[in-house]
Amino acid sequence: MQQRRYSRLCLLSLSFSCLLLLLPSLLGPVDAYKNYTVGDSLGWYDTTVKSNVNYQKWADGKNFSLGDFLIFNTDSNHSVVQTYNLTTFKSCDYDNSVGNETVEWSATNPSNTFTQAVTVAVPLLKEGPTFFFSGYYDGEQCQDGQHFKITVSHGKGLPDSLKDPSDQAPAPNAADYGSTPDTVVPFDFNNPRDQDTDVKKDSGSISLHAKILDMKLNGILLSLGILYMF
């Protein structure tokens, strides 16, 4: 009797161990697009305004992917410049940038006498290294700590709402084909939606995974019941 009970406990332990190993493959990836608030509660400022900001430290360790948004909470005395050019980033100056490699996302002008709160939402549209800095006051804010770099992975790829319409159109004839820039900001891109909205996109696949998992669990529990009877 003692031996039989011990064998039953061993089988139960083995079954639950197998279940734990199967869970990650049954559930699959369910990550949604994310919104990252740059600097968290400190916002987007240089060290003369917020002495304890360290944007590179904030960015390190985070997994940025295509379709994610960076949210910059700042004021009209600070700008948001995004570039794919390392030389531009190191110089803290975008006046000589060419093509679509550099974008200034801020829409206001600096003023020493009047400032207003500004929130700037920047979509991540291109894989690889991406650099951010403030370009106001001849690069002084950038030199005073208002800069950082990130690496953007492919992730789930760009959602349709952020894709360039030309990328989804039929390919042009060879005679009409011309060079296109590497990165084009979609003309109709919207500010980021709440993460809950993005998660709903995956609800169908998550539901399917849940059903499969439920079937597997029922099978395992049935097996455990049979083992327990013996």
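**The disulfide and its surroundings**

Mentor: The structure holds one disulfide, meaning a pair of cysteine sulfur atoms within 2.5 Å. The partners are C92 and C142, with their sulfur atoms 2.0 Å apart. In general, a disulfide is a covalent bond between the sulfur atoms of two cysteines.

Before going on, two notes on the numbers. This is a predicted model, where local features need pLDDT of at least 70 and side-chain atom pairs count only at pLDDT 80 or more, while totals for chains, interfaces and linings use all residues. Residues are numbered from 1 along each chain as its sequence is written, and side-chain values use heavy atoms, with hydrogens and water left out.

Back to the bond. The angle about the S-S bond is -55 degrees, and the link of C92 and C142 is left-handed. The pair links distant parts of the chain, 50 residues apart. C92 sits in the loop between α3 (86-91) and β5. C142 sits in helix α4 (residues 140-143). Such labels follow DSSP runs: helices are H or I with at least four residues, strands are E with at least two, and both are numbered from the N terminus.

Both C92 and C142 are buried. Buried means under 20% relative accessible area, exposed means over 50%, and partly exposed is in between (1.4 Å probe, protein chains only). C92 counts as buried because its relative accessibility is 8%.

The backbone of C92 deserves a look too. Its phi is near 55 degrees, a positive value in a residue other than glycine. As a rule, most residues other than glycine have a negative phi. Y137 is another case: its phi is near 55 degrees and positive, and it is not glycine either. Y137 lies in the loop between β7 and α4. It is partly exposed, with a relative accessible area of 32%.

Five strands form an open sheet in the order β2-β8-β7-β4-β5, with mixed pairing. Its edge strands are β2 (64-65) and β5 (102-104), each pairing on one side only. Two strands pair if DSSP finds at least two bridges between them. In general, strands of a sheet pair through backbone hydrogen bonds, either parallel or antiparallel. Take β4 (residues 81-83) and β7 (residues 128-133): three bridges join them, and they run antiparallel. Within this pairing, V81 stands opposite F133 in β7.

Now step to S79, in the loop between β3 (69-75) and β4. S79 counts as buried because its relative accessibility is 0%. A polar atom of its side chain lies 2.8 Å from the backbone nitrogen of G135. A contact here means heavy atoms within 4.5 Å.

Aromatic rings come next. The whole structure has 13 aromatic pairs. Rings of Phe, Tyr and Trp (its six-membered ring) pair if their centres lie within 6.5 Å; planes under 30 degrees apart count as stacked, over 60 as edge-to-face, and the rest as tilted. Y55 and F148 form a tilted pair, 6.4 Å centre to centre, with 35 degrees between the planes. This pair also links distant parts of the chain: Y55 is in helix α2 (residues 55-59) and F148 in strand β8 (residues 147-153), 93 residues apart. Y55 is buried at 2% relative accessible area. F148 is buried at 0%. Ring pairs link Y55 and F148 into a cluster with Y36, W44, W58, F64, F72 and F132.

K163 forms it with D160, the closest N and O atoms being 3.4 Å apart. K163 is partly exposed at 31% relative accessible area, and D160 is exposed at 55%.

Last, the whole chain. Its secondary structure comes to seven helices and eight strands. Buried residues make up 34% of the 230 residues. Of the contacts with a separation of 6 or more, 77% come from residues 24 or more positions apart.

How values were computed:
A salt bridge is a side-chain nitrogen of Lys or Arg within 4 Å of a carboxyl oxygen of Asp or Glu. A polar contact is a pair of N or O atoms within 3.5 Å; within protein, one must be able to donate a hydrogen and the other to accept it, and residues adjacent in sequence count only if both atoms are side-chain atoms.
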